[in-house]
Amino acid sequence: MSFASEVKKELLGIKEEDEKQVKSLVFGILQSCSDMVISNRGTKIVVKSYILPAIQKVMQLVKKYYDVDTEIEYGTDQNLNKKRYYYLIISKNVLPFIEDFSLMPFAIIDSSPLLQSDEQKAAFIRGLFISRGSINDPRKNGYHLEITCKNQELASFVCATFNHNAIEAKTIQRKNSFVVYIKRSESISAALAYMGAASGVFYFEDSRIVRDISNMANRMANCD
């Protein structure tokens, strides 16, 4: 399992302290990988992810708080990887759900009641990273963490939240998406801690120390 997968597994295993944080986590997942579909059969929300536990996390909350119908389906990528993905289809009485999680097009997310406290914002970004985040293994590649966002407003909010917590983040447009990325090792470690990935921080810091010592030894050898 890759380092990114290990971090996401750890984040999914966090027990949120209250209902608000659970909803904020799900809010992040939904803002990353859900679409509203309107047809002559009515309106439905389709959540797509390669991570089944993330889909299950959304479904558990939906069943607990909303009178909707849910269904899980799966498909397979038509490329060499043949990677399986999952669909959660939410239908019937979806309007309250859409309103609570700001799923209407052009909804203003930073005014949501689910993003009022620091804990809620951390849970929200945790959900975003689980769905559309990645991080390099520091023992194999350069330092890099990123979260892909579907629009500039979302990317700006994530970047501003990181920067407010002394985590140096920047944004860049990549095709039709906006990417929040972190390059400095200290900021990556701080971002992992902010999201709640304690084991990820320990692995990252240990790898960073080993790498720095190795680089120093190589420089000394070259100097000699």
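**Ground rules.** I'm working with a predicted model, where local features need pLDDT of at least 70, side-chain atom pairs count only at pLDDT 80 or more, and totals for chains, interfaces and linings use all residues. Residues are numbered from 1 along each chain as its sequence is written, and side-chain values use heavy atoms, with hydrogens and water left out.

**Helix α2.** I started with α2, residues 19-33. Helices here are DSSP runs (H or I, at least four residues), strands are E runs of at least two, and both are numbered from the N terminus. From first C-alpha to last, α2 reaches 21 Å, close to the 21 Å expected at 1.5 Å a residue; the expected span is 1.5 Å times one less than the number of residues. Buried means under 20% relative accessible area, exposed over 50%, and partly exposed in between (1.4 Å probe, protein chains only). Its buried residues pack against β1, β2, α3, α4, α5 and α6, with contact meaning heavy atoms within 4.5 Å.

**A pair inside α2.** Lys-23 and Glu-19 meet in a salt bridge, 3.4 Å from N to O. My cut-off for a salt bridge is a side-chain nitrogen of Lys or Arg within 4 Å of a carboxyl oxygen of Asp or Glu. The two are four residues apart in α2, so about one helical turn separates them. Lys-23 counts as buried at 15% relative accessibility, while Glu-19 is partly exposed at 41%.

Next I looked up α7 (residues 185-195), where eight of 11 residues are buried. One of them is Leu-192. In the largest nonpolar core, with 64 residues, Phe-101, Phe-162 and Leu-192 touch the most other members. Such a core is a set of buried Ala, Val, Leu, Ile, Met, Phe, Trp, Tyr and Cys residues joined through side-chain atoms within 4.5 Å.

**From α7 to α8.** Glu-186 forms a salt bridge with Arg-208, the closest N and O atoms being 3.8 Å apart. Glu-186 sits in α7 and Arg-208 in α8, so the pair ties together parts 22 residues apart in sequence. Both also belong to a salt-bridge network with Glu-168, Arg-184 and Glu-205.
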